Amino acid sequence: MNQAPYQCQCIDCRSELASAIAQEHRMINQLVRMLNEKQRRQFVGLLAKQAGYGGIQRMAQITGLHRATIARGQGELEEAQAEEGRIRRQGGGRQLIEKKSRSYCPS
Ligand SMILES: [Zn+2]
């Protein structure tokens with residue numbers, strides 16, 4: 001995968017390449033380039049979710065990914081979350097042990 005990162009065409013990147021927003025967009029695209037297809041759509045899906053309303057549209061512009069691809073990644077993430085929730089409920093009680101243990105460190 002040696003191609004150059006996707007160049008965002010948003011107003012910030014076109015007008016002020018040194019701005020914090022333009023830098024952030026370049027970082028996102030550098031990272032996106034290193035991911036495989038599944039990781040890419042899920043990562044961008046997460047960013048779109050964080051961006052809130054209009055996030056998918058915005059991330060499509062920044063990364064060049066199709067809106068449907070980003071929406072799919074978001075859906076996969078949400079499904080994975082729901083799955084994790086089911087597993088946690090099944091294995092109840094483990095959290096108590098961790099709370100009692102002094103050596104438990106969340107980092
Ligand atoms: Zn941009």
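**Entry 1: helix α5**

I started with α5, which covers residues 67-90: its 24 residues reach 35 Å from first C-alpha to last, close to the 34 Å expected at 1.5 Å a residue. My expected span is 1.5 Å times one less than the number of residues in the helix. Helices here are DSSP runs of H or I with at least four residues, strands are runs of E with at least two, and both are numbered from the N terminus.

A note to keep in view: this is a predicted model, where local features need pLDDT of at least 70 and side-chain atom pairs count only at pLDDT 80 or more, while totals for chains, interfaces and linings use all residues. Residues are numbered from 1 along each chain as its sequence is written.

Which residues of α5 are buried? I found Ile70, Gly73 and Gln74. For me, buried stands for 20 or more other C-beta atoms within 10 Å of the residue's own, exposed for 12 or fewer, and partly exposed for anything in between, with C-beta atoms placed from the backbone. The buried residues of α5 pack against α3 (37-51) and α4 (55-63).

**Entry 2: the whole chain**

I stepped back and counted 6 helices and 0 strands. From the N terminus on, the order reads α-α-α-α-α-α. Of the 107 residues in the chain, 17% are buried. I then looked at contacts, meaning pairs whose C-beta atoms, placed from the backbone, lie within 7 Å. Among contacts with a separation of 6 or more, 48% join residues 24 or more positions apart.

**Entry 3: helix α3**

Next I turned to α3, whose 15 residues reach 21 Å from the first C-alpha to the last, close to the 21 Å expected at 1.5 Å a residue. Its buried residues are Arg41, Phe43, Val44, Gly45, Leu47 and Ala48. They pack against α2 (20-34), α4 and α5. After α3 comes Gly52, with a positive phi near 80°. I also checked Phe43: beyond its neighbours within four places in sequence, Phe43 is in contact with Val32 and Leu35.

**Entry 4: how α3 meets α5**

How do the axes of α3 and α5 cross? They come within 7 Å and cross at roughly 90°. The axes are lines fitted to C-alpha atoms, for helices over the stretch in contact, with angles running from 0 to 180 degrees between N-to-C directions. The two helices are therefore roughly perpendicular, a label I use for 65 to 115 degrees.

From α3, I listed Arg41, Gln42, Val44, Gly45, Leu46, Ala48 and Lys49; in α5 they meet Thr69, Ile70, Arg72, Gly73, Gln74, Glu76 and Leu77. The residues of this contact divide into 5 nonpolar, 5 polar and 4 charged. Here Ala, Val, Leu, Ile, Met, Phe, Trp, Tyr, Cys and Pro count as nonpolar, Asp, Glu, Lys and Arg as charged, and the others, Gly among them, as polar.

I took a second look at Leu77, found in α5. Leu77 is partly exposed, with 16 other C-beta atoms within 10 Å. Leaving aside neighbours within four places in sequence, Leu77 is in contact with Gln42, Gly45 and Leu46. Leu77 and Arg41 sit 36 residues apart in sequence and 9.6 Å apart in space, C-alpha to C-alpha.

**Entry 5: the core**

I looked up the largest nonpolar core and found 12 residues, including Cys8, Val32, Phe43, Met59 and Ile70. Such a core is a set of buried Ala, Val, Leu, Ile, Met, Phe, Trp, Tyr and Cys residues joined through C-beta atoms within 7 Å. The elements giving two or more residues to this core are α3 and α4. The largest share, 4 residues, comes from α3.

**Entry 6: Tyr6**

Last, I visited Tyr6, in the segment before α1 (11-15). Tyr6 counts as partly exposed, with 17 C-beta neighbours inside 10 Å. Not counting residues up to four places away in sequence, Tyr6 touches Asn29, Thr63 and Gly64.

Technical notes: Two residues are in contact if their C-beta atoms, placed from the backbone, lie within 7 Å. Angles under 35 degrees count as roughly parallel, over 145 as roughly antiparallel, 65 to 115 as roughly perpendicular and the rest as oblique.
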